[in-house]
Amino acid sequence: MYSELLAASDVAAAEPPADGSVAEAVAALEAHRKRLATTAAGDGAAGGRLDAAEAVAAQLSYDLRLLRLCRVLGIPCDVRRFAQPAAERRRLEEAVQAALDGTVDGTVDGTAHGTAHGTARQVPDADGEGGGEGGGAPA
């Protein structure tokens, strides 16, 4: 069911950003990860009890941004693999981190992607973990 919702939502997000900016895609993912972490903690939009629809919307939003970043980086991804959302999310987060770790002088595998100052960035996972060297906001 979740992968069907994601597929329906993915129609508009199927294409990577026109400029293919890794920095922009990472920033969008980080913003949506924060929203996902807030809903995972049970905090609703109005500061009250979390609504189930709100939790699903936060997961969908994060996963769409994750898919977009994967497409920008050339990482194979498919919404049909989200039958087990947590496992697929973790797999893609690890693939993104590996790709960003390979970023040198603004390129990934020799292709320019517009990273900030040509440095790799740590992408926190959906649980808010990650960070470390290279993490945080762009310089």
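Helices (H or I, at least four residues) and strands (E, at least two) are DSSP runs, numbered from the N terminus. The legends below describe a predicted model, in which local features need pLDDT of at least 70, side-chain atom pairs count only at pLDDT 80 or more, and totals for chains, interfaces and linings use all residues. Residues are numbered from 1 along each chain as its sequence is written, and side-chain values use heavy atoms, with hydrogens and water left out.

**View 1. Overall architecture of the protein chain.** The protein chain has four helices and two strands. From the N terminus on, these elements run in the order α-α-α-α-β-β. Of its 139 residues, 40% count as buried; buried means under 20% relative accessible area, exposed over 50%, and partly exposed in between (1.4 Å probe, protein chains only).

**View 2. A nonpolar surface patch that includes Leu5.** Leu5 lies in helix H1, which spans residues 2-13. With a relative accessibility of 35%, Leu5 counts as partly exposed. Together with Met1 and Val56, Leu5 makes a nonpolar surface patch of about 280 Å². Patches are made of residues with over 30% relative accessible area and no salt bridge, like charges being joined within 9 Å and nonpolar side chains (Val, Leu, Ile, Met, Phe, Trp, Tyr) within 5 Å. Accessible areas come from the Shrake-Rupley method with a 1.4 Å probe; for residues, only the protein chains shown count as cover.

**View 3. Packing of helices H2 and H3.** Helix H2 (residues 22-40) packs against helix H3 (residues 52-73) at an angle of about 160°, and their axes are 9 Å apart. Axes are lines fitted to C-alpha atoms, for helices over the stretch in contact, and angles run from 0 to 180 degrees between N-to-C directions. H2 and H3 are therefore roughly antiparallel to each other (angles under 35 degrees count as roughly parallel, over 145 as roughly antiparallel, 65 to 115 as roughly perpendicular and the rest as oblique). The crossing of the two helices is left-handed, a term that applies if the near helix is turned anticlockwise from the far one by less than a right angle, whereas clockwise gives right-handed.

**View 4. Arg65 and His32.** Arg65 is found in helix H3 and is partly exposed, with a relative accessible area of 26%. Arg65 and His32 are 33 residues apart in sequence, while their C-alpha atoms are 7.5 Å apart in space.

**View 5. The salt bridge between Arg89 and Asp63.** A search of the whole structure finds four salt bridges, each defined as a side-chain nitrogen of Lys or Arg within 4 Å of a carboxyl oxygen of Asp or Glu. One of them joins Arg89 to Asp63, with the closest N and O atoms 2.6 Å apart. Arg89 lies in helix H4 (residues 85-101) and Asp63 in helix H3, so the pair ties together parts that are 26 residues apart in sequence. Both partners are buried: Arg89 has a relative accessible area of 10%, and Asp63 has one of 0%.

View 6. The side chains of Arg80 and Asp78 meet in a salt bridge at 2.4 Å, N to O. Arg80 is exposed, with a relative accessible area of 66%, whereas Asp78 is partly exposed at 23%. Arg81 forms a salt bridge with Glu88, their closest N and O atoms being 3.5 Å apart. Salt bridges that share partners join Arg81, Glu88 and Arg91 into one network.
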